[in-house]
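Here's a quick walk through a structure, from the overall fold down to a set of rings. Have the viewer open while you read.

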Amino acid sequence: MSNELATVTLLPKVQASWVAKIDLATASSAVNNNCQLQAKNDLEAVGKWLVEYQHKKNTYLSYRREAMRFLMWCSYERGITLAQLKKEDLEAYFKFMQKPPKRWCLQQGEEKELVQEWRTFRGKLSTTALLKAIRILNSMLNYLVQAEYIHANPIKLIKQYSKLTIDYNEYKYQVW
C-alpha cells in the first residue's frame, strides 16, 4: 500500500444528497511551518499516519475505517478541520457514534459490498467498538500533535476517556 492509496481512500463516494460543510482537501493545513510531515491538508496528514500501519493489514483497515468515519463527520456534519477541533467537538462525535443518523448506516439486509454510496455504520457502536474507535482517534491525533500538524489532542481533555489517552511516558510515572 502506498501513501497515495491511503490518502485517496479517505473520502469515499457519498450519496448525492450529501453536501460537505467544508472541503478538507482545500480548507485544511498544518498549524505551523514546523510541521514534520509533507502534507498539504488533513487528508494527506492522516494518510501519513495510516502508512505507518500498512504492514499490518487488519490494523490498517481498522484504522482507515475510523479515520474515514471521523474525517467524513468533520467534513459533512461539523464543518471543521482537524486544527479547529475542540473538546466539545470530540464529545459530539462520540455521541454521534453511539447513535449515527440513518443516512450513515447500512439498512437491514443491505450488503456493504453492494451499496454504491459509503455508509460505515450498521447502527450504534457497542461500548467495546466505541472505546476502540476512541483509542484509534487518540493515536491519530497524538501522531499529528507530535508531527506538529495540529496543536493539541482534545480527547485528552475529556475526563471520561482520560484513562485511554495516557502516553507510555506518563503511564510509567503513574505506576511508579
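What follows covers the model itself, the fold, the surface and the aromatic residues.

## What you're looking at

This is a predicted model, where local features need pLDDT of at least 70, side-chain atom pairs count only at pLDDT 80 or more, and totals for chains, interfaces and linings use all residues. Residues are numbered from 1 along each chain as its sequence is written, and side-chain values use heavy atoms, with hydrogens and water left out.

## Fold

The protein chain has seven helices and zero strands, counting DSSP runs of H or I with at least four residues as helices and of E with at least two as strands. Along the sequence that reads α-α-α-α-α-α-α.

Now for contacts (heavy atoms within 4.5 Å). Of those with a separation of 6 or more in the protein chain, 67% are between residues 24 or more positions apart.

## Surface and burial

The protein chain has 176 residues, and 43% of them are buried, meaning under 20% relative accessible area with a 1.4 Å probe, protein chains only. Its accessible surface is about 10,400 Å², with 49% belonging to carbon and sulfur atoms; the areas come from the Shrake-Rupley method with a 1.4 Å probe.

## Aromatic rings

There are 10 aromatic pairs in the structure. Rings of Phe, Tyr and Trp (its six-membered ring) pair if their centres lie within 6.5 Å; planes under 30 degrees apart are stacked, over 60 edge-to-face, and the rest tilted. Tyr 93 and Phe 94 count as tilted because their planes sit at 55°, with ring centres 6.4 Å apart.

Tyr 93 is buried at 0% relative accessibility, and Phe 94 is buried at 2%. Ring pairs also join Tyr 93 and Phe 94 into a cluster with Phe 70, Trp 73, Phe 96 and Trp 104.

Methods
Buried means under 20% relative accessible area, exposed over 50%, partly exposed in between (1.4 Å probe, protein chains only).
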